[in-house]
There are 2 protein chains.
Amino acid sequence: MHNPAGLPHILTGKEGRSMATTSSAVTEVSIPAAEKGARGGSSAYLRLREAIVDGRFQPNERLVEADLARTFGAGRTAIRAALVRLDQEGLVERQPNRGARVRLVSDREALEIEEVRVALEQMLARHAAARVTPSHVRKLRQMLEEMTARVEAGDPLGYSELNSRFHEMIWAIADQAVASTLVANLKSQSIRFQYRTILQPGRPDRSLREHAEIVEALAARDPDRSEVAMREHLSRVVETLKEAIARHHTR
Amino acid sequence: MHNPAGLPHILTGKEGRSMATTSSAVTEVSIPAAEKGARGGSSAYLRLREAIVDGRFQPNERLVEADLARTFGAGRTAIRAALVRLDQEGLVERQPNRGARVRLVSDREALEIEEVRVALEQMLARHAAARVTPSHVRKLRQMLEEMTARVEAGDPLGYSELNSRFHEMIWAIADQAVASTLVANLKSQSIRFQYRTILQPGRPDRSLREHAEIVEALAARDPDRSEVAMREHLSRVVETLKEAIARHHTR
DNA sequence: GTGCATAGAATTGTCGACAATCGATTGTCC
DNA sequence: GGACAATCGATTGTCGACAATTCTATGCAC
């Protein structure tokens, strides 16, 4: 998971809130490869977070503090703080005196999250249209080509990854830290549902066309058109997700 | 999970993620002077949060753990956990080894927050239009009358409070927990800027008309119209805030 | 007076120990 | 056998103590 051409990578949690100035924040998320010996400050939080988001812990799996401390080579204090943070972030559920679990987001909540994402990315697209530069457009077109290549190569996972990058690029252009942080956090919560939309037959082709329209709209620096393009794209994602969930539920 | 005919109250996600009341008419200022016996559970977090949101701690004010522990009659452990939570929530800024401060949201960030709020409330209005009942409409109209009364009585603070209730009511109707939680959190972050928009001359009258149009649109169960009405209302709030900030900056 | 190093105070970070609580298992009575 | 109470092990919550770090102020040379 590297960063191809200095692409902005939106951070999660508090670091992303660093309201710097105008420039697109290119905050590095490099996971500190600290090992057992190194007291990695908040790295217990980062590593635990990554483990959850990557699915190395199952939803609803109990997170016993002592075990985690041993696993990550950290003290129970650090683990405890990490769990509090993750609870506030929505990735973990803590019940008093009963420990913490990986939070299971329900189908309903996944849909709600996606709807919020629509609203936020709509807004971000609008702002991006007002700030986009020719250099940005070039980069976006380039990404579009790569995505096409992935689809043609029958590589849905690679496509999905580029898809994320594409949207993150737009967030960066919009230069709205608050919205970007929120949408990034939401995404990490619902990451478990992502594959369901990508793997629908015919979806990648359609998705590509929608992305192309978004780029066109941005290139024209047209806020309304960009907003509409983004809304239509993501609304279709929501619809696809709805269908996938319905199918999954009545199988 | 939603609140049938009653007043929309605090939207509670989970007891872990619950948010304190935004600003009740009468805020509990009394800090019960430390009865050691009565451990208030997670109330250290709630009370500290309320203290910050209510402005009993100034922005950028240092939050020394030992002091807070004495003030709230809690142990340092509880305070520490509360600070971690509030940091993740965006109300507090913690720097390693350097303690915690009340986070100061810049003018720029306040605007960004408000823009996100526009996007989210737009979406919430749309969903509310699809779920609103006659009972809801009655309640909304009633609130509108009360708000009119407050404006005519020249009571901007009371109007502001009802204003919040009005929007919360719509959130409740929309029945979108994720969006509601987010917008509520954002609001508590930017609460310090709220008065700036309310106190603009002529603003209350205009605001009232905009609210009326929102109610009409909802009563008609028209999603598009409701969304537009909400967007126009909040966009104007953003504009007002922009002007207020500009004026404040060049005074 | 200014710059710089240093000592001391204040504060945060971390650990270990213990109390409090919960869940499950066992034991008892009918 | 099943409902219910007592018990035990596992886990979380909290406290106090101490180490680590930062901040403040003092002393000193120039």
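This is a predicted model: local features need pLDDT of at least 70, side-chain atom pairs count only at pLDDT 80 or more; totals for chains, interfaces and linings use all residues.
Strands here are DSSP E runs of at least two residues, helices are H or I runs of at least four, and both are numbered from the N terminus. Two strands pair if DSSP finds at least two bridges between them.

Next I traced the sheet. Three strands of chain B form an open sheet, ordered β1-β3-β2, with antiparallel pairing. β1 and β2 (92–95) of chain B are the edge strands, as each pairs on one side only. α3(B) packs on this sheet and touches β1, β2 and β3 of chain B (contact: heavy atoms within 4.5 Å).

Then I turned to DNA strand C. I found 16 residues around it, and the closest include A:Thr77 and B:Asn97 (near: a residue heavy atom within 4 Å).

A polar backbone atom of B:Glu65 is 3.2 Å from a phosphate oxygen. For B:Arg76, a polar side-chain atom lies 2.7 Å from a base oxygen.

Notes on method: residues are numbered from 1 along each chain, and chains are lettered from A in the order written. Local features need pLDDT of at least 70, side-chain atom pairs 80 or more, and totals for chains, interfaces and linings use all residues, while side-chain values use heavy atoms, without hydrogens and water.

Notes:
A polar contact is a pair of N or O atoms within 3.5 Å; within protein, one must be able to donate a hydrogen and the other to accept it, and residues adjacent in sequence count only if both atoms are side-chain atoms. Axes are lines fitted to C-alpha atoms, for helices over the stretch in contact, and angles run from 0 to 180 degrees between N-to-C directions.
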